Structure formats: C-alpha cells, structure tokens
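Look at the structure below. We start with a helix contact and then turn to the aromatic rings.

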Amino acid sequence: MATQHLQNLPKDGKSGEWTFSVAEKGFINRDLFLQVLKDFDLFLTLNDIPRPVILFLDGASPHISLAAAEFCITHNIQCWLFKPNFTHLLQPLDLSFFASLKKELKKLAWSWQTTPSNTGQALSKYSVIGVLHSAVENCLNKENCVVSGFRRAGLYPWNPNEPDRSKFNPSKV
C-alpha cells in the first residue's frame with residue numbers, strides 16, 4: 001500500500017525521487033542496510049558525485065558487517081563510525097534538520113487536517129507520506145538547514161572544538 005502512495009510523489013524537488021525498504025520486523029538489519037548502501041551507490045552514480053565519499057554512521061550492529069565493509073571498499077564509500085554515546089552530539093541532521101522538519105511537519109499536518117476535503121479523515125501512515133514529502137522539501141529549501149548541522153557537529157569544515165562540550169558534563173542529579 002505504501003508503494004502506491006510513494007509513486008505519486010513529485011520527482012523534481014531537492015530531495016529527488018524517494019526510495020524505501022522494509023524489514024520484516026520493522027527494524028533495520030544487515031541485509032537491509034546493504035540494500036541501503038546499494039541505493040546510496042546508485043544515487044551517487046546517477047548524480048555524478050565524485051568519490052570517495054564519506055558516510056557517517058553510528059555503531060549500530062546492522063551497520064557493521066563484512067558484506068557492508070567490502071561493498072563500501074569496492075564502491076569507494078568511506079564509512080566513519082561515531083564513537084559510542086556521541087551520536088547526540090555529532091549527528092548533523094539531529095543538530096539542525098530534524099528539529100526544523102518536526103516543526104514543518106506539524107504545521108503541514110495541521111493544514112492537511114483542516115482542509116475541507118480531508119474532514120473526518122485521519123492522517124494515516126499512508127496519507128502522511130505526501131505531507132512528509134512537502135515538509136522535507138520545505139526544510140531543504142531553507143538556506144543552511146543541513147549545512148549548519150555539519151558545522152555544529154564539527155564535521156565540515158572539520159573542527160573538533162565545535163561540538164557543544166557542556167553535553168559531556170556528568171548529570172547533576
């Protein structure tokens with residue numbers, strides 16, 4: 001059912017054509033992550049993005065496998081794993097993009113729900129796809145929305161002193 005909703009998404013925005021993968025239990029696994037890497041490789045190829053590229057990852061077990069490592073080496077994708085317990089400081093999209101996305105999604109969901117043609121309908125996991133797509137596009141059109149997260153994380157330009165070090169402090173509970 002989700003496939004039919006995804007087929008109707010515009011393919012000319014900043015985010016381009018969306019693809020998705022589904023695991024049997026709903027959680028990413030090593031096979032699914034390998035498929036994500038293949039999709040990423042195809043995206044790089046179709047868009048003539050020069051390699052090597054860096055792919056920042058947390059150390060979740062599905063991200064770490066011999067098959068994924070061999071694929072990345074073969075396709076000139078350099079994986080950089082964040083140190084354990086540092087992802088809240090270093091994941092660039094968590095530092096900038098997702099806060100903006102949540103705000104935009106909330107605004108567009110309200111707009112969808114108050115549209116007369118949607119009266120009495122619930123925003124389901126299927127109908128939210130179009131709303132989410134619009135929210136992503138709106139956020140990507142905001143200048144520096146993504147770039148500022150990489151800067152705040154100290155990842156690009158490289159600056160190990162940039163992350164908020166106060167978050168390293170122990171709790172005062």
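Which residues in H2 meet which residues in H3? On the H2 side they are Phe33, Leu34, Leu37, Lys38 and Asp41; on the H3 side, Ala67, Ala68, Phe71 and Cys72. Contact here means heavy atoms within 4.5 Å. By class, the contact has 7 nonpolar, no polar and 2 charged residues. Ala, Val, Leu, Ile, Met, Phe, Trp, Tyr, Cys and Pro count as nonpolar, Asp, Glu, Lys and Arg as charged, and the others, Gly among them, as polar.

This is a predicted model: local features need pLDDT of at least 70, side-chain atom pairs count only at pLDDT 80 or more, and totals for chains, interfaces and linings use all residues. Residues are numbered from 1 along each chain as its sequence is written, and side-chain values use heavy atoms, with hydrogens and water left out.

Now the rings. Rings of Phe, Tyr and Trp (its six-membered ring) pair if their centres lie within 6.5 Å; planes under 30 degrees apart count as stacked, over 60 as edge-to-face and the rest as tilted. That rule gives 4 aromatic pairs. Tryptophan 80 and tryptophan 158 have ring centres 6.3 Å apart and planes at 85°, so they are edge-to-face. Tryptophan 80 is partly exposed at 35% relative accessible area, while tryptophan 158 is exposed at 60%. Buried means under 20% relative accessible area, exposed over 50%, partly exposed in between (1.4 Å probe, protein chains only).

Phenylalanine 97 and phenylalanine 98 also pair edge-to-face, 5.6 Å centre to centre with 70° between the planes. Phenylalanine 97 is buried at 7%; phenylalanine 98 is partly exposed at 33%.

Terms used:
Helices (H or I, at least four residues) and strands (E, at least two) are DSSP runs, numbered from the N terminus.
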